[in-house]
Amino acid sequence: MGDASEVPDVFDPRIYAAGIPHDRFRALRDHAPVARQAEPEILGWPAGPGFWAVTRHSDVVRVLKDSRTYSSSLGATQIRDPDPADLPFIRRMMLNQDPPEHGRLRRLVSRAFTPGRIERFAATARERARGLIGEAVATGGEVDLVRTVTDDYALLNLTDLLGIPASDRGLLHAWTERVIAYQDPDEPPVLDAEGRPVNPRSPAMLAEMFGYAQELAAYKRTHPADDVMTSLATSELADAELEMFFFLLTVAGNDTVRSAAPGGLLALAEHPGEQARLWGGKVSMETAVDELLRVHPPVLSFRRTAARDTVLAGQAIAAGDKVVVFHASANHDERAFAAPHRLDLGRSPNPHVSFGDGPHVCLGAHFARLQLRVLYEEARAACGGVELAGPPRRLVSNFINGIKSLPVWLKEPTARPV
Ligand code: HEM
């Protein structure tokens, strides 16, 4: 079980360009639920020491809840090891901290995410969804939903929440692509003097974004508004913490929704029967949003590092080993979900782990669900259905389940099922 040559590879980012490798995950869940993975050099990125892949739902939850054993801080949270020199810097982000330190930042920033503030964004998000989908329907032909609707929808909602001028959304887009799409050939890496790719999370790569965050914070202190950056700029956060939090929100709040929105619409297009149930009001939008997040988890994996020797699902893990949980596999575990490969928009309960679990469970889950619910409601109101016009193009990444283009036909509203 521990021999990397006997078990399917789920590390190679190129695999995910063909969709979630369900067969490989199933084989791992059944035969090697904590499996050794090699980490060879790929696409110019240097080889790593390898890691344990955790694929069953119960083990994924256990790892995420037990931060004493499985640390977010020791080696941070990405599969690739950071440069040791960058670690102190990367650990300033609460994503890469353990309790109790993590709790201080989490409490501080949670205050900026009040349910009242999030709800106030619903009306703006709805208007935006209506406008973007309306324009796409009006073209009357094939449209790429990513380019015409979902990218702008996610980016503009985030600029609203943070309090960034909409005209700066291009900057947000560029920064987040650099960090998330770095394994994808469409996003050539920045190279250092020796021709090696520079880690997109290193201080050198983030200087421009941090400068922007400080400028924005200074502006918010003199022009306060009802937005998250005003809350953060006027809180007790140190400058370096504020920069890191801006970075975290820019990436965490952007690429995830940019993946979830087309991913959900793709699943609907691939399941016309379920789509008809939703369009006909036969199933609740709340359960539908969660089921679409289950079958298309925007985040594919997160890394922890063992803080002590331990045993998981019978496998010995040594202190210092990398442990990587695979959300996409947990969400399709036969042990936790009946008929996991069936899209059932009424599924309840639905204990998917798309938002994680434990102390780092997604802080933006409420905001994300709201955006998705509003988008699907407006799609239902504006068109008779979504039909695939060609295969989607997917991101080369073992971290984000990204969709780069999604060609569809949006049917006339008259085609609505009865
Ligand atoms: C469908 C959309 C989203 C998904 C699937 C998602 C997923 C996740 C996951 C899996 C984690 C846990 C990371 C870990 O285990 O280390 C997380 C954390 C986080 N998410 Fe989200 N996220 C989404 C949207 C958002 C949005 C819209 C925001 C903010 C605007 C946001 C902000 C955060 C933050 C700040 C954290 C770090 C929490 C901490 O370290 O305590 N997320 N998210």
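The model is predicted, so local features need pLDDT of at least 70 and side-chain atom pairs count only at pLDDT 80 or more, while totals for chains, interfaces and linings use all residues. Residues are numbered from 1 along each chain as its sequence is written.

Let's start inside. A nonpolar core is a set of buried Ala, Val, Leu, Ile, Met, Phe, Trp, Tyr and Cys residues joined through C-beta atoms within 7 Å. The largest one here has 72 residues, and Leu232, Ala261, Leu265 and Leu375 have the most contacts inside it. Helix 6 (residues 145-162) gives this core its largest share, nine residues; helices are DSSP runs of H or I, at least four residues, numbered from the N terminus. Apart from that core lies another, of 35 residues, including Val54 and Phe399.

Now pick out Leu266, which sits in helix 11. Leu266 counts as buried because 24 other C-beta atoms lie within 10 Å, and the cut-off is 20 or more, with C-beta atoms placed from the backbone. Leaving out residues up to four places away in sequence, Leu266 touches Pro392, Ile403 and Leu406 (touching means C-beta atoms, placed from the backbone, within 7 Å).

Finally, the ligand. Of the 26 residues around it, Gly253, Thr256, Gly356, Cys362 and Gly364 come nearest; a residue is near if its C-beta atom, placed from the backbone, lies within 6 Å. Helix 10 (239-252), helix 11 (255-270) and helix 15 (365-382) each supply at least two residues of this shell.

Conventions
A residue is buried if 20 or more other C-beta atoms lie within 10 Å of its own, exposed if 12 or fewer, and partly exposed in between; C-beta atoms are placed from the backbone. Two residues are in contact if their C-beta atoms, placed from the backbone, lie within 7 Å.
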